[in-house]
Amino acid sequence: MEQLTGFQRDILYVISGLEEPYGLAIKDELEKYYEHEVNHGRLYPNLDDLVENDFVQKSALDRRTNSYTLTESGYKALEVRREWEEQNLQTT
């Protein structure tokens with residue numbers, strides 16, 4: 001997880017929370033969070049990196065649409081990150 005960018009971690013969180021995690025749905029959720037447009041040229045290369053690093057599995061929904069799901073490594077990475085955040089988050 002430490003080798004991922006913040007944007008890639010956000011993608012993992014979004015994928016884990018979507019019922020149908022396909023490219024445009026992931027993009028829409030990121031745009032809601034960031035409150036600005038997320039370019040395709042930024043999103044899809046990062047999705048491909050996550051697939052290449054075995055955090056995400058990519059499969060075809062149809063000829064134009066791919067679905068993205070977390071792998072076991074992806075879920076584990078989020079779990080480890082969440083534990084680290086909880087240990088280091090100070091509440092007032």
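Author: Tyr34 counts as partly exposed because its relative accessibility is 21%, and buried would require under 20%. The rings of Tyr33 and Tyr34 have their centres 5.3 Å apart and their planes at 55 degrees, so this pair is tilted. Tyr33 itself is exposed, with a relative accessible area of 60%. All of this is read from a predicted model.

There are 2 aromatic pairs in the structure. Phe7 and Tyr34 form a stacked one, with 6.0 Å from centre to centre and 25 degrees between the planes. This pair links distant parts of the chain, since Phe7 is in helix 1 and Tyr34 in helix 2, 27 residues apart. Phe7, Tyr33 and Tyr34 together make up one aromatic cluster. Phe7 counts as buried, at 5% relative accessibility. The charged end of Arg42 sits over the ring of Phe7, 3.8 Å from its centre.

Helix 1 has 12 residues, and from its first C-alpha to its last it reaches 17 Å, close to the 16 Å expected at 1.5 Å a residue. Its buried residues are Phe7, Gln8, Arg9, Ile11, Leu12, Val14 and Ile15. They pack against helix 2, helix 3, strand 1, strand 2 and helix 4. Thr5, in the segment before helix 1, is partly exposed at 40% relative accessibility.

Ile11 lies in helix 1 and is buried, with a relative accessible area of 0%. Beyond its neighbours within four places in sequence, Ile11 is in contact with Ile26, Leu30, Leu43, Asn46, Leu47 and Leu50. Take Leu43: 32 residues separate it from Ile11 along the chain, while their C-alpha atoms are 8.6 Å apart. Leu43, with its own neighbours within four places set aside, is in contact with Phe7, Ile11, Gly23, Ile26, Lys27, Leu30 and Val38. Phe7 and Ile11 are therefore both among the contacts of Leu43.

In soluble globular proteins, nonpolar side chains tend to be buried together. Here the largest nonpolar core has 19 residues, and those with the most contacts inside it are Ile11, Leu12, Ile15, Ile26, Leu30, Leu43 and Val56. Helix 1, helix 2, helix 3, strand 2 and helix 4 each supply at least two residues of this core. Helix 1 gives the most to it, with 5 residues.

Key
Residues numbered from 1 in each chain as written. Predicted model: local features only at pLDDT ≥ 70, side-chain atom pairs only at ≥ 80, totals over all residues. Heavy atoms only, no water. Helix = DSSP H or I, 4+ residues; strand = E, 2+ residues; numbered from the N terminus. Buried < 20%, exposed > 50% of the residue type's maximum accessible area, 1.4 Å probe, protein only. Contact = heavy atoms within 4.5 Å. Core = buried A, V, L, I, M, F, W, Y, C linked by side-chain atoms within 4.5 Å. Expected span 1.5 Å × (residues − 1). Phe/Tyr/Trp six-rings, centres within 6.5 Å; stacked < 30°, edge-to-face > 60°. Lys NZ or Arg CZ within 6 Å of the ring centre and 35° of its normal.
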